[in-house]
Amino acid sequence: VQLVESGGGLAQPGGSLRLSCTASGFTFSVYIMGWFRQAPGKEREFVATIDWNGYATYYLDSVKGRFSVDRDNYKNVQYLQMDNLEPGDTALYYCARIRGFTMHDPEADYWGQGTQVTVSS
């Protein structure tokens, strides 16, 4: 199993970034996928999950209405569109494969290496 994130970088407050996660080594379309983040000095936290076919999504309260998770099962890629970014969104963002069927309190069994998102003026 391999998960490779890309698309992180520096954005100004109110700006946008789009993260991608390319998956390989497993049948992507049968797994719930997720995004997590870890800010300096804080524990890693859940950000968003998306079900097998992309019809259901679930978000951390603080990103609802600003972030949107999507996936392309033909390309084995999931995305995280981040709009109206805030300094509090600064963190290392991880793509994850979710174990089981729980989207609201997900447990990951595989992680990507992470991509840094920094929101600053």
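Seven salt bridges are present in the structure, which is a predicted model. Five charged residues, Arg-37, Glu-45, Arg-66, Glu-86 and Asp-89, are joined in a network of such bridges. The largest nonpolar core comprises 27 residues, and another core, of seven residues, lies apart from it. Arg-71, a buried residue of strand E7, is treated separately below.

**Salt bridges of Arg-66**

- Arg-66 is paired with Glu-86 in a salt bridge whose closest N and O atoms are 3.7 Å apart.
- Because Arg-66 belongs to the loop between strand E6 (57-59) and E7, and Glu-86 to the loop between E8 and E9, this bridge ties together parts that are 20 residues apart in sequence.
- Arg-66 has a relative accessibility of 9% and therefore counts as buried, the limit being under 20%.
- Glu-86, with a relative accessible area of 37%, is partly exposed.
- A salt bridge also joins the side chains of Arg-66 and Asp-89, at 2.7 Å from N to O.
- Asp-89 lies in the loop between E8 and E9 and Arg-66 in the loop between E6 and E7, so this pair connects parts that are 23 residues apart in sequence.
- Both partners of the Arg-66 and Asp-89 pair are buried.
- Arg-66, Glu-86 and Asp-89 are among the members of the salt-bridge network, which also includes Arg-37 and Glu-45.

**The Arg-97 and Asp-109 pair**

- Arg-97 and Asp-109 form a salt bridge, with 2.9 Å between the closest N and O atoms.
- This bridge links distant parts of the chain, since Arg-97 is in strand E9 and Asp-109 in strand E10 (residues 107-111), 12 residues apart.
- Arg-97 counts as buried at 7% relative accessibility, whereas Asp-109 counts as partly exposed at 22%.

**Nonpolar cores**

- In soluble globular proteins, nonpolar side chains tend to be buried together.
- Within the largest core, of 27 residues, those with the most contacts are Trp-35, Val-47, Phe-67, Leu-80, Met-82 and Tyr-93.
- Two or more residues of this core come from each of strands E3 (17-24), E4 (33-38), E5 (45-50), E7 (67-72), E8 (77-82), E9 (91-99) and E11 (115-119).
- Strand E3 gives the most to this core, with four residues.
- Beyond its neighbours within four places in sequence, Leu-80 is in contact with Leu-17, Arg-18, Leu-19, Trp-35, Val-47, Ala-48, Phe-67, Ser-68, Val-69 and Tyr-93.
- The other core, of seven residues, includes Ile-32, Ala-96, Ile-98 and Met-103.

**Surroundings of Arg-71**

- Arg-71 is located in strand E7 and is buried, with a relative accessible area of 9%.
- The side chain of Arg-71 reaches the backbone oxygen of Phe-28 at 2.8 Å.
- The side chains of Arg-71 and Asn-73 are joined by a polar contact of 2.8 Å.
- Leaving aside neighbours within four places in sequence, the residues in contact with Arg-71 are Phe-28, Ser-29, Tyr-31, Ile-32, Met-33, Ile-50, Asp-51, Trp-52, Gly-54, Val-77, Gln-78 and Tyr-79.
- Gln-12 is 59 residues from Arg-71 along the chain, and the C-alpha atoms of the two are separated by 26 Å.

Note on methods:
Residues are numbered from 1 along each chain as its sequence is written. This is a predicted model: local features need pLDDT of at least 70, side-chain atom pairs count only at pLDDT 80 or more; totals for chains, interfaces and linings use all residues. Side-chain values use heavy atoms; hydrogens and water are left out. A nonpolar core is a set of buried Ala, Val, Leu, Ile, Met, Phe, Trp, Tyr and Cys residues joined through side-chain atoms within 4.5 Å. Buried means under 20% relative accessible area, exposed over 50%, partly exposed in between (1.4 Å probe, protein chains only). Contact means heavy atoms within 4.5 Å. A salt bridge is a side-chain nitrogen of Lys or Arg within 4 Å of a carboxyl oxygen of Asp or Glu. A polar contact is a pair of N or O atoms within 3.5 Å; within protein, one must be able to donate a hydrogen and the other to accept it, and residues adjacent in sequence count only if both atoms are side-chain atoms.
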